[in-house]
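Try each task by yourself before you look at the solution.

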Amino acid sequence: VDGVQGQSMLDAVVARLNDAETLLVLDNCEHLVEAVATLCAQLAQRCPTLKILATSREALRINGERSMNVVPLDVPGPGADRTHILHSDAAQLFLIRLRALDSCFPGDDSDGLDDQSVELIAQVCRTLDGIPLALEMAAARASALGLYELCASLRGDLHLLAGGLRSAPERHQTWQASVDWSYRLLNHDERRVLGRIALLD
């Protein structure tokens with residue numbers, strides 16, 4: 001956005017967004033939800049053709065907002081057959097990321113993967129509850145350790161998950177950083193409830 005001297009940044013953004021039909025994507029808004037809500041309300045009012053897609057753990061609560069809950073990735077259950085495992089959303093994401101990192105990993109699901117490898121993939125997906133960021137980090141570990149060692153290490157300690165992109169925000173580089181960041185978003189009462197649930201587990 002090129003500003004004009006004497007023009008506010010918001011006015012410059014509005015002028016740019018009104019040039020054409022635009023989709024504005026704002027990701028992970030929860031830690032700035034008040035500021036994002038204020039900005040989006042102003043943009044929606046001043047840019048009639050603008051569409052905004054905002055991802056957040058809480059709604060912006062502005063006029064014209066439509067919320068859509070994103071369901072978690074489906075995970076193959078215990079005893080799932082080969083086809084169900086390999087076609088589950090969690091396994092698909094894990095395999096895409098693993099193949100991108102390991103050129104030696106079999107590129108197709110038919111004959112390239114033996115049954116033991118398929119079951120190990122299912123174990124990884126179940127252990128990580130189909131959480132996309134965790135699956136991406138697990139794929140990075142699998143490319144270095146192999147599937148068997150990855151499964152063994154996940155049984156011992158989920159904190160070993162690391163390997164997010166170095167260019168990613170710090171909270172996406174290790175599982176521990178992601179959990180810590182999420183915990184800091186909780187208010188006092190939510191932290192107490194989480195602590196009590198953890199003790200019951």
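**Exercise 1. Find what covers helix 1.**

Task: Name an element that covers the buried residues of helix 1.

Solution. Helix 2 is among what covers the buried residues of helix 1. Those buried residues are Ala 12, Val 14 and Leu 17. Here "buried" means under 20% relative accessible area, "exposed" means over 50%, and "partly exposed" is in between (1.4 Å probe, protein chains only). Helices (H or I, at least four residues) and strands (E, at least two) are DSSP runs, numbered from the N terminus.

Before you go on, a word on the model: it is predicted, local features need pLDDT of at least 70, side-chain atom pairs count only at pLDDT 80 or more, and totals for chains, interfaces and linings use all residues. Residues are numbered from 1 along each chain as its sequence is written, and side-chain values use heavy atoms, with hydrogens and water left out.

**Exercise 2. Describe how helix 1 and helix 2 cross.**

Task: Work out which kind of angle helix 1 and helix 2 make, and which residues form their contact.

Solution. 
- Step 1: Two packed helices are described by the angle between their axes and the distance between the axes. Axes are lines fitted to C-alpha atoms, for helices over the stretch in contact, and angles run from 0 to 180 degrees between N-to-C directions.
- Step 2: The axes of helix 1 (residues 9-17) and helix 2 (residues 33-46) come within 10 Å and cross at roughly 45°. That makes helix 1 oblique to helix 2. For the cut-offs, angles under 35 degrees are roughly parallel, over 145 roughly antiparallel, 65 to 115 roughly perpendicular, and the rest oblique.
- Step 3: Helix 1 and helix 2 have a right-handed crossing. In a right-handed crossing the near helix is turned clockwise from the far one by less than a right angle, and in a left-handed one anticlockwise.
- Step 4: Helix 1 brings Leu 10, Asp 11, Val 13, Val 14 and Leu 17 to the contact, and helix 2 brings Leu 39, Gln 42, Leu 43 and Arg 46. Contact means heavy atoms within 4.5 Å.
- Step 5: Sort the contact residues of helix 1 with helix 2 by class, and you get 6 nonpolar, 1 polar and 2 charged. Ala, Val, Leu, Ile, Met, Phe, Trp, Tyr, Cys and Pro count as nonpolar, Asp, Glu, Lys and Arg as charged, and the others, Gly among them, as polar.

**Exercise 3. Look at two partners of helix 4.**

Task: Is helix 4 oblique or roughly perpendicular to helix 6, and which is it for helix 5?

Solution. 
- Step 1: Helix 4 (residues 89-101) and helix 6 (residues 132-145) have axes that come within 8 Å and cross at roughly 40°. Helix 4 and helix 6 are therefore oblique to each other, and their crossing is right-handed.
- Step 2: Among the residues in this contact are Leu 93, Phe 94 and Arg 97 of helix 4 and Leu 135, Glu 136 and Ala 139 of helix 6. The contact of helix 4 with helix 6 has 11 nonpolar, 1 polar and 2 charged residues.
- Step 3: The axes of helix 4 and helix 5 come within 9 Å and cross at roughly 110°. Helix 4 and helix 5 are therefore roughly perpendicular to each other.
- Step 4: From helix 4, Ala 90, Ala 91, Phe 94 and Leu 95 meet Ile 121, Val 124 and Cys 125 of helix 5. This contact of helix 4 with helix 5 has 7 nonpolar residues, with no polar and no charged ones.

**Exercise 4. Find the core.**

Task: Which residues touch the most other members of the largest nonpolar core?

Solution. 
- Step 1: A nonpolar core is a set of buried Ala, Val, Leu, Ile, Met, Phe, Trp, Tyr and Cys residues joined through side-chain atoms within 4.5 Å.
- Step 2: The largest one has 26 residues, and Phe 94, Ile 121, Val 124, Leu 135 and Leu 147 touch the most other members. Helix 3, helix 4, helix 5 (115-127), helix 6 and helix 7 (147-156) each give two or more residues to this core.
- Step 3: Leave aside neighbours within four places in sequence, and Ile 121 is in contact with Ala 91, Phe 94, Leu 95, Phe 105, Leu 113 and Leu 147.

**Exercise 5. Check two loop residues.**

Task: Where do Asp 129 and Met 68 lie?

Solution. Asp 129 sits in the loop between helix 5 and helix 6, and is exposed, with a relative accessible area of 52%. Met 68 is in the loop between strand 2 (51-54) and helix 3 (82-87), and counts as exposed at 69% relative accessibility.
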